[in-house]
Amino acid sequence: MLKTSHLLIVIQVLFFSFAVSVKAQTTPLELKIDKAARLAIYYLNAGLPDSVYNQAGDHFKHNISAPMWNSAYRQLSGFLPFSKVIFISSKDSINKYKLVGKTALTYYVSLDKQNKLNNFSFVPYTEEVKPSAMTETERKTDTLAKKILSFINGKQADSIYLFAGESFKNQIDAQKWKGIAENGLFPLTPLPEATFVGSENGVNKYKMLPYQFIIGLDDKGKFNALALQPYKESAVKTAKVATDNELKSKLDSAVDKVVSAYIQTNGNVGLSAGVYCDGKEHFYNYGETQVGNKQVPTLHTIYDIGSITKTFTSTLLAIAVQQGKVSLATTIVKFLPDSVALNSALKGITFEQLANHTSGLPRLPDNLGASVKDVKQPYANYDVNEMFSYIKHCKITSPPGTKYAYSNFGAGLLAVLLERIYHKDYQELIKQYITGPLRLTETGFLVNNLNTIAQGYNEQNLPVPPWKFLAMEGAGALKSSAFDLLAYSKLQLLIPGQSLNPALKLTHQVTFNDGTNIVGLGWHYLADDKNVLQHSGGTGGYRSMICIDPQKQLTVVVLTNNATTGDSLGIELLKALKAMK
């Protein structure tokens, strides 16, 4: 769910492994940066994180608060001391080093105009493949790959499309590409450094943790394949992963074919899936609830479900509409504090636009970083006062209702406004109107039986806790099980006699469609299968997906306890089951 460049800087500090060099600094700027870089490492080795922070410039401090830096240092301290600082190269006024210690790390440093630390980050090391080790085709593809990545970082959608081949253009026209680039690629910039890791069938693959970049060329030197995806190790586990799938039916085999490819890949820990088809529920569990404990998850194992929470928040909004407490066209200023409502930028934003991500509000507020005290809990301390402080002076990125831009902040604000409408807190509203009446006893914000929670793992396969929330609860705070989420997914089929049907039907109605993004209230439709409602979720150590095809009366739920590709797996599983039917 969370992707912010300022948090990424600190998150990068937490783990990682490195590069080498034999080059010497030559320019006055390189030498100046080198002096600051080595002094910072001296302070780290001496256990003086505050001294490092005192070296930091205003930009660094604006994005990373002192408590946040101290939290990062505590986790970095496990890699100290560093015995060598080896200069590798300099590019765009950023020095690159190899740090030698318990674990080798790549270290990037730059200075601001006041000669204070500006860029100060540590990233995973992968040995770079020298151009001479590439084939002629790989080198040709590599040249274009670097150019395309430069255009992505420069947010130049049209320039990228100029290098697209005919087969790519036949699938994705210029307008659709622009939407994909602006909504899917550009929010992730600046991208990490790309390291070539190999090619297959003429397609180059690059490691850019936490992503991988894929590009292939046609016979005219234009790209016919282009993708930025979560990084996925290609190494396969040698031992067969444990599962409760008995492989007795055609459905069992179809599920196993899709899930095995995922769970047998190194780095993927555990998975629980639920399928509703032909009027029956089916549950499948694979892997472990914790690395090494040999305990296969069950249908009652609890996971963070992240942004799937947004569909619950939008359902609350639909219930409020049905009860006449608010309309979708009501502007949000009506329920904001008077001092906040004075911000003219907010006057055109409606409740509908908060729910369908067209409000013009950003993905995340720029004052979130200052509230972070623990990088493993990025939302835990962001409260309503900080939320209102931000929107009191914020500017929107586009006129309300005109452009889709996924916003965690908008969903969090929607939940806070519903609290003000009902004069009850968000957790109480969820229980009163959704989880209570539907008897979703394994869905909530705090789980009492800790033994049922799957341990989460981040992209570096390190254990991380479920996320905690304050003001941003409506964006991603819920935890649930495959059992409960499958019951929730069945509700979306609008089976006659359900009391929530009118509200659920309202959440399914398309409120925005630009050809690429088709959105109801909270729910999104697959662009290539407009019959399918879906929503994914992700937190620091979990991924989730829920897909519903009302036409085929088919639903799929996938929950994983590692932050890799569990969400895309849900769509793959749905497509496989639809093909089977």
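Here is a walk through the structure, one selection at a time.

Keep in mind that this is a predicted model, where local features need pLDDT of at least 70, side-chain atom pairs count only at pLDDT 80 or more, and totals for chains, interfaces and linings use all residues. Residues are numbered from 1 along each chain as its sequence is written, and side-chain values use heavy atoms, with hydrogens and water left out.

**Stop 1: the cores**

Select Phe312, Leu336, Leu346, Phe351, Met387, Ile391 and Leu413: within the largest nonpolar core, which has 76 residues, these touch the most other members. A nonpolar core here is a set of buried Ala, Val, Leu, Ile, Met, Phe, Trp, Tyr and Cys residues joined through side-chain atoms within 4.5 Å. Buried means under 20% relative accessible area, exposed over 50%, and partly exposed in between (1.4 Å probe, protein chains only). Now colour helix H15 (residues 408–422), which gives the most to this core, with nine residues. Helices (H or I, at least four residues) and strands (E, at least two) are DSSP runs, numbered from the N terminus.

Centre on Phe312. Leaving out neighbours within four places in sequence, Phe312 is in contact with Ile305, Tyr426, Ile430, Ile434, Leu440, Thr443, Leu478 and Tyr488; contact means heavy atoms within 4.5 Å. Then jump to a second, separate core of 31 residues, with Ile41, Val85, Val109 and Phe122 among them.

**Stop 2: the aromatic cluster**

Select Tyr53, Phe60, Trp69, Phe87, Tyr97, Tyr107 and Phe120, which form one aromatic cluster. Rings of Phe, Tyr and Trp (its six-membered ring) pair if their centres lie within 6.5 Å; planes under 30 degrees apart count as stacked, over 60 as edge-to-face and the rest as tilted. The whole structure has 23 such pairs. Zoom in on Tyr97 and Tyr107, a tilted pair at 5.6 Å centre to centre with 40 degrees between the planes. Tyr97 sits in strand S2 (residues 94–101) and Tyr107 in strand S3 (residues 105–111), 10 residues apart. Both Tyr97 and Tyr107 are buried.

**Stop 3**

Show strand S6 (residues 203–208): five of its six residues are buried, so S6 is largely enclosed by the rest of the structure. Strand S5 (residues 195–200) runs antiparallel to S6, joined by five bridges; two strands pair if DSSP finds at least two bridges between them. Look for Gly198 opposite Lys205. Two residues lie between S5 and S6 in their hairpin, where Asn201 takes a positive phi near 55 degrees.

Lys205 also has Ile214 as its bridge partner in S7. S6 and strand S7 (residues 211–217) pair antiparallel over six bridges, and a hairpin links S6 to S7 through two residues.

**Stop 4: the eight-stranded sheet**

Follow the open sheet in the order S10-S9-S20-S19-S18-S17-S16-S15, with antiparallel pairing. Its edge strands are S10 (280–287) and S15 (512–513), each pairing on one side only. Inside the sheet, seven bridges join the antiparallel strands S19 (residues 542–549) and S20 (residues 554–560); Ile548 is partnered with Thr555 in S20.

**Stop 5: Thr507**

Finish at Thr507 in helix H19 (residues 501–508). Thr507 is buried, with a relative accessible area of 0%. Not counting residues up to four places away in sequence, Thr507 touches Ser314, Thr315, Ala318, Gly520, Leu521 and Trp523.
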